[in-house]
Amino acid sequence: MNMTVLCPVRKNSVYLSHFLLDFWGSQNGNNALHIDLIVMLNKEDVWNKRLVKVWGDHPVFHTKFMCEDSGKGRFGLHEYYNEMAKTVPCVDWLMLVCEDFDFVMDDWDSFLLDMIINKGMDPQKINVILPRMKGSVGNVCQILSRGYRDAVDNNLSEHYAIDSWINGILDTFPGDRKHEAQQVMFDDYTHHTPNCTNASSTPRNGTVQYSDAMVKERQKVQIELFKRKLGEGK
């Protein structure tokens, strides 16, 4: 079984080196879940260029680096995830994270594998795993099955608030397709860091909030798609 983790990164983020060490160092690595990591940097990032030189093509820690130069900052977040997802069309599970995540659970890869096996989750069908975030009241990280991605052809979201977009989809799912982890896996430490790096660009003309009626109408298209697929037993 395999999983690819997608991580878009703020321009000149000071958190990426910690994320990489924490991400790989907190895994067990001795189980049947093979994990790859894809990191997307801004093309103009200068702070992390040597880090890429060290980590790129690492023989053990499978990390692939990509670049974007859209100039959209956080307002292009959904586009970054969609682009990264298209590079791994056959992977069983796709995990969406950010580089300010702190992996507080040791052996989280073994934890997820046990959860998948014990709950009998079929990655070919529509299933979503919801890891717990320390101090968070909502789902800010989702793990999507191949069946979920196939249903939307890797169009994971059409709005930069991708966690909210997916949560809105999941609100319509039957309970047996949503799998909530019972232990805390992550901490988003920028939430309680006063001067955290925020490299968001000014939104382009036409950028709308998640609550906008146009966004909700587009989301309904995916909701109806999933209702049909789930009704077919997928």
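**Salt bridges and a helix crossing**

Glu-217 comes out as partly exposed, its relative accessible area being 47% (buried is under 20%, exposed over 50% and partly exposed in between, with a 1.4 Å probe and protein chains only). The model is a predicted one: local features need pLDDT of at least 70, side-chain atom pairs count only at pLDDT 80 or more, and totals for chains, interfaces and linings use all residues. Residues are numbered from 1 along each chain as its sequence is written, and side-chain values use heavy atoms, with hydrogens and water left out.

Glu-217 has a partner in Lys-220, and their side chains form a salt bridge at 3.3 Å, N to O (a side-chain nitrogen of Lys or Arg within 4 Å of a carboxyl oxygen of Asp or Glu). Lys-220 is partly exposed too, at 46%. Lys-227 is partly exposed at 46%, and Glu-224 is partly exposed at 46%.

In total, the structure holds 10 salt bridges. One of them joins Glu-99 to Arg-10, with the closest N and O atoms 3.1 Å apart. That one ties together distant parts of the chain, 89 residues apart: Glu-99 is in the loop between E4 and strand E5 (101-103), and Arg-10 in the loop between strand E1 (2-8) and helix H1 (16-25). Glu-99 is buried at 1% relative accessible area, while Arg-10 is partly exposed at 24%. Asp-100 joins in as well, linked with Arg-10 and Glu-99 in a network of salt bridges.

H7 (residues 213-231) also crosses helix H6 (residues 162-170), the axes coming within 9 Å at roughly 45 degrees (axes are lines fitted to C-alpha atoms, for helices over the stretch in contact, and angles run from 0 to 180 degrees between N-to-C directions). H6 and H7 are therefore oblique to each other (under 35 degrees is roughly parallel, over 145 roughly antiparallel, 65 to 115 roughly perpendicular and the rest oblique). On the H6 side, Ser-164, Trp-165, Gly-168 and Ile-169 meet H7 residues including Val-215, Ile-223 and Phe-226 (contact means heavy atoms within 4.5 Å).

Notes: Helices (H or I, at least four residues) and strands (E, at least two) are DSSP runs, numbered from the N terminus.
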